[in-house]
Amino acid sequence: MKIYTKTGDKGTTALFGGTRVPKYHLRIESYGTVDELNSYIGLIRDQDIDDISKNALIKIQDELFTLGAMLATPLEKEVLKNGKERLNIPKINNESIEFLEQEMDTMNEHLPQMTHFVLPGGHQTVSFCHIARCVCRRAERLSVALNEEEPIDNSILMYLNRLSDYLFVLARKLTFLLKAEEVKWVPKKL
């Protein structure tokens with residue numbers, strides 16, 4: 001399989017279903033940012049972290065590929081002429097979102113109660129989590145904007161919202177496991 005097709009040489013790309021759009025299209029920005037997020041999650045997974053977190057991150061990376069495919073499929077192209085769904089894969093759904101919630105609940109059981117905002121940092125691995133969280137929030141904002149123009153599956157928005165929360169809790173968990181310092185943000189008084 002050749003990697004290069006030359007079909008995008010003039011600044012357009014094809015969505016699932018064949019529609020060509022400019023590479024700066026909001027749909028492309030949305031799933032491109034999800035792809036960027038997936039790469040950062042791979043970077044976190046490559047760190048020296050516990051197996052439970054690594055396995056959760058692999059599942060999340062798989063789901064992000066699915067989410068990207070959902071974003072790359074315009075509403076009018078979701079169903080083929082024969083009535084079958086174009087994406088013949090399990091979609092992001094309530095189960096996907098509940099997985100993230102359960103993981104957060106489990107991690108939170110072992111963490112000290114949060115009383116302040118915390119500054120990103122303390123350990124390189126923790127910083128990677130915070131970068132991924134910020135990229136996730138950007139993917140969410142872009143997807144919300146896309147949804148204003150062209151309706152997308154609401155589970156995409158819910159998943160991205162929950163995933164950014166998950167990445168924050170993961171950062172706190174890894175801070176604890178790596179014995180790093182969690183620096184509280186305490187605003188100065190005037």
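Predicted model: local features only at pLDDT ≥ 70, side-chain atom pairs only at ≥ 80, totals over all residues.
Reader: What is the volume of the largest pocket, and which residues lie nearest its centre?

Author: The volume is about 300 Å³. The lining holds 13 residues, and Tyr31, Asp35, Phe65, Gly68 and Ala69 lie nearest the centre. Two elements, α1 (26-45) and α2 (51-71), each give two or more residues to this lining.

Reader: How many residues of each class are in the lining of the largest pocket?

Author: Nine are nonpolar, three are polar and one is charged.

Reader: How much space lies in the second largest pocket, and which residues are closest to its centre?

Author: The second largest pocket has about 260 Å³ of space. It is lined by 14 residues, with Lys2, Ile3, Tyr4, Thr5 and Thr7 closest to the centre. Strand β1 (residues 12-14) provides the largest share of this lining, three residues. By class, the lining of the second largest pocket divides into five charged, five polar and four nonpolar residues.

Reader: Where is Lys179 placed, and is Lys179 buried or exposed?

Author: Lys179 sits in the segment after α5 (154-177). Exposed means over 50% relative accessible area. Lys179 has 75% relative accessibility, so Lys179 counts as exposed.

How values were computed:
Residues numbered from 1 in each chain as written. Heavy atoms only, no water. 1 Å grid on protein atoms, 1.4 Å probe; cavity = no way out; pocket = protein on both sides within 12 Å on 5 of 7 lines; lining within 4 Å. Points joined across faces, edges and corners; volume = space filled by probe spheres on them. Helix = DSSP H or I, 4+ residues; strand = E, 2+ residues; numbered from the N terminus. Nonpolar A, V, L, I, M, F, W, Y, C, P; charged D, E, K, R; others polar. Buried < 20%, exposed > 50% of the residue type's maximum accessible area, 1.4 Å probe, protein only.
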